[in-house]
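Visitor: How should I read the features of a model like this one, one at a time?

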Amino acid sequence: MKVWIDALTPKHALFFAPIRQSFISRNTETFVTTRKYREAVQTLRLKKIPFKIVGKHGGGTAYGKLVASAQRTARLADLVKSWNPDVAVSFSSPEAARVAFGLAIPHVAVNDSPHAWRVAKLTVPLSKYVCFPWIINRKVWTDLGARQDSLVPYRALDAAAWLKGFKPDNQIRRRLGLGEDRPVVLLRTEEAFASYLMGRARDNAPVVLPIIKELLNLNLGIQIVVSTRYGLQAPILKKRFGAKIRVLDRIVDSASLLSQSAAFIGSGGTMTVEAALLGTVAVSCFPGEKPLYISYLEKKRLIDTIFSPRRVASKIADILQNSEKYEPRRKSGKRLLEWMEDPTRRVVPKVIDAVRQV
């Protein structure tokens, strides 16, 4: 059996790393593609996964995304036709779903983000199976065009795929030049070019910028570390705050860094979920429609959603000054991760089953 994996973002690379390894252990041939997108490429390299770059990210406009997707689809069609895989699997990659459908290859989609409805509409109707966290109602997917018999829920949030059995790199702070004497507060910028944030986020005005300003005003004696994405985010933050903060403009082992951080502030989704499940107190300031997994973790009292920069800074001060108050939350997050199943054990059998049914 030959399995084609299309991984477009760092989250996709993290999610599919154990799935790829599962197939390798079965002596199954795998082929991984991605696009020219800094974070995805760096994450695949970090995980030592061989890959081929096909096409590029379409940027922050609808037209740019359309053209980039069309061009990538054409290039993938030639490549995939020559490689001739038995099955395709992706985190709802529109190009992978379209190429697989056109070449009569079964496609298995993973998706935890129905709020990205444009992507979902282009992928779930074309997929043999749609694998997703159990917290998402089946009707959400059927409304987006999925068949009832294609739905495969798993009792986990996606980060469980790479956090199960996770062992942190205890030298991560030293590797990044961070001191051991002061607590780390880690922030993550938003994915400003995502289709679901068009009109709600700007690459040149990161959501975390005013939050950093408020944190600095409180003189908390912390090390502020910001994990940025693409475009102007890193240079703007570096120019605005200089040596007062540490800006990460490359991919690092985020789970290890989160495990050694006193608190996390996320304007994205994946690292916020990671923080909650690792027991790091997390605040979400996600600027778009709230993802269902964030709502779920809120109900579990593992995440606070706060949009006021001043209130976010005050919350961080409380976390640092009253650490014992948040110990039950830390333990609850770790227990929730233990309770979750490994999504890999649900996805891999469905990929194999998709081939058998051809």
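**Exposure, ring pairs, sheets and voids**

Guide: The scale calls a residue buried under 20% relative accessible area, exposed over 50% and partly exposed in between, with a 1.4 Å probe and protein chains only. The model is predicted, so local features need pLDDT of at least 70 and side-chain atom pairs pLDDT 80 or more, while totals for chains, interfaces and linings use all residues. Residues are numbered from 1 along each chain as its sequence is written, and side-chain values use heavy atoms, without hydrogens and water.

Visitor: Does Tyr-296 count as buried or exposed?

Guide: Tyr-296 counts as buried because its relative accessibility is 14%.

Visitor: How many aromatic pairs does a search of the whole structure find?

Guide: A pair of aromatic rings is described by the distance of the centres and the angle of the planes. Rings of Phe, Tyr and Trp (for Trp, the six-membered ring) pair if their centres lie within 6.5 Å; planes under 30 degrees apart are stacked, over 60 edge-to-face, and the rest tilted. Searching the whole structure gives six aromatic pairs. One of them is edge-to-face because the ring centres of Phe-15 and Phe-91 are 5.6 Å apart and the planes stand at 80°.

Visitor: Where do Phe-15 and Phe-91 lie?

Guide: Phe-15 is in helix H1, and Phe-91 is in the loop between strand S4 (87-90) and H4; the two are 76 residues apart, and the pair links distant parts of the chain. Helices (DSSP H or I, at least four residues) and strands (E, at least two) are runs numbered from the N terminus. Phe-15 and Phe-91 are both buried. Trp-134 and Tyr-296 also form an edge-to-face pair, at 5.3 Å centre to centre and 75° between the planes. Trp-134 is in the loop between strand S6 (129-133) and helix H6 (138-143), and Tyr-296 is in helix H13 (residues 292-299), so this pair ties together parts 162 residues apart in sequence.

Visitor: Which residues do ring pairs link into a cluster?

Guide: The cluster consists of Phe-15, Phe-16 and Phe-91.

Visitor: In what order do the six strands form an open sheet?

Guide: Two strands pair if DSSP finds at least two bridges between them. Here the order is S10-S9-S8-S11-S12-S13, with parallel pairing. At the edges are strand S10 (246-248) and strand S13 (303-305), each of which pairs on one side only. On average, neighbouring strands of this sheet are turned by 20° against each other, direction ignored; the axes behind such angles are lines fitted to C-alpha atoms, and angles run from 0 to 180 degrees between N-to-C directions. Strand S9 (residues 223-227) runs parallel to S10 and is joined to S10 by three bridges. Val-225 is opposite Arg-246 in S10.

Visitor: How many bridges join S1 to strand S2?

Guide: Five bridges join S1 to strand S2 (residues 29-36), and the two run parallel. Asp-6 is opposite Thr-33 in S2. Of the five residues of strand S1 (residues 2-6), four are buried.

Visitor: Which residue in the loop between H1 and S2 deserves a look?

Guide: Asn-27 is found there. Asn-27 is not a glycine, yet has a positive phi of about 60°. Asn-27 counts as exposed because its relative accessibility is 75%. Arg-301, in the loop between H13 and S13, also is not a glycine and has a positive phi of about 60°. At 69% relative accessibility, Arg-301 counts as exposed.

Visitor: How many cavities of 30 Å³ or more does a search of the whole structure find?

Guide: Rolling a probe the size of a water molecule over the atoms shows where empty space is left. On a 1 Å grid over the protein atoms alone, a cavity is a set of points where a 1.4 Å probe fits but cannot get out; a pocket is an open set with protein on both sides within 12 Å along at least five of seven lines; lining residues have an atom within 4 Å of a point. The search finds two such cavities. The largest cavity holds about 50 Å³, and its lining includes Lys-11, Asp-112 and Tyr-293. The second largest cavity holds about 30 Å³. Helix H1 (residues 10-25) gives the largest share of its lining, three residues; Phe-16 is among the lining residues.

Visitor: What is the volume of the second largest pocket?

Guide: Its volume is about 170 Å³. Helix H4 (residues 94-102) supplies the largest share of the lining, three residues. Phe-101, His-107 and Arg-147 are among the lining residues of this pocket.

Definitions and conventions: Points joined across faces, edges and corners; volume = space filled by probe spheres on them.
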